[in-house]
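Reader: I have a model open and some questions about its packing. Can you take a look with me?

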Amino acid sequence: MAFARTACLRTLRRTALARGGARPPTSDPPVLHLPCVAGVRGALAYRAVGVGAARGKHPIVCIHGCPGSGRDFRYLAPYFEEAGRAVLRVDLPGHADSAGATLAGPPDCEHMGGAVHAAVEDLLGSRATPVLVAHSLGAHVALEMVRARPAGYAGVVLLAPAGVSPHRTLRPWGLVSWAARQVLHAPRGVWAWVLGGLLPYVYRRRGLVLGRDEILHCQRRIALIDFPAMACRTIPALSAAPASFQVLVASAQDDPVCGAPVVDELCALLHAHAPAPVDVTRFPTGGHWPHKHAAAAIAARVEECFD
């Protein structure tokens, strides 16, 4: 496993060297804030390159998971930027540098998607038809955005996507969803002890060091995940998208979160409803972060499909 991961990283370094760099490039533009976004109370944080410039290619809009931030795409974004695309990375309300922003409605995928779409219209214009590049639970947000506006996007690129049934970190789903619902509905003070000890410990065990408010926000989002609606309502709505709409899926065989059964189930539904054949790429390694460990390969495939 370590040898395969090293070989993957060496491949990325060779790609970067061919582009004139000493190692795989990263993109960390400054965080900006967008006030007065429709459906959002407070300023929405984002990172952007090429936004506002006249460009012929579909712009890229990156949507992170739960938890996460726009910075999660720092290894993938440079390839899109170099190819001449505008790249917009939004911190979803309640996360990272948008921690102070709250939604007018519940933090479900529909309202999250509405906030991202409002930011896209503000920053890219109402005529833009971006490609939505989404990671993990961000896939649900991206697909919900397409359901709401099937002609508004050129396609979706789903990276290590959450599917239509609970993945490993949400199992046993009955217990996880019950606990999340208690956090969602209980008075804030009731959870002071739990949030002060148990939940931060659970998140740290998964390598996630978050503040108390963001942990609470993540639990609220988990409580509102609707897997049946994703399977029966959101994904079937892809059939209303234009014939040119494309779906790309990229995952790794060693993903410890969204394993092969979850991704396979999702891909079968996407194949059944997407207007064009779904492009599926499986990397041998990369874990839950293919957009880091296979950034060059993913970007090259996106360029081929969305010229």
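This is a predicted model: local features need pLDDT of at least 70, side-chain atom pairs count only at pLDDT 80 or more; totals for chains, interfaces and linings use all residues.

Reader: How many residues has the largest nonpolar core?

Author: The largest nonpolar core has 46 residues. A nonpolar core is a set of buried (under 20% relative accessible area, 1.4 Å probe, protein chains only) Ala, Val, Leu, Ile, Met, Phe, Trp, Tyr and Cys residues joined through side-chain atoms within 4.5 Å. Its largest share, eight residues, comes from helix α3 (residues 109-124); helices are DSSP runs of H or I, at least four residues, and strands are runs of E, at least two, numbered from the N terminus.

Reader: Which residues have the most contacts inside it?

Author: Ile63, Leu132, Val156, Leu158 and Leu270.

Reader: Switching to β7. Why is it largely enclosed?

Author: Five of the five residues of strand β7 (residues 131-135) are buried, so the rest of the structure largely encloses it. Val131, Val133 and His135 point one way, Leu132 and Ala134 the other.

Reader: Which strand do five bridges join to β7?

Author: Strand β8 (residues 155-159), running parallel; strands pair if DSSP finds at least two bridges between them. Leu132 has Val156 as its bridge partner there.

Reader: And β4, how many bridges to β7?

Author: Four, also in the parallel sense, for β4 (residues 60-63). Cys62 stands opposite Val133.

Note on methods. Residues are numbered from 1 along each chain as its sequence is written. Side-chain values use heavy atoms; hydrogens and water are left out. Buried means under 20% relative accessible area, exposed over 50%, partly exposed in between (1.4 Å probe, protein chains only).
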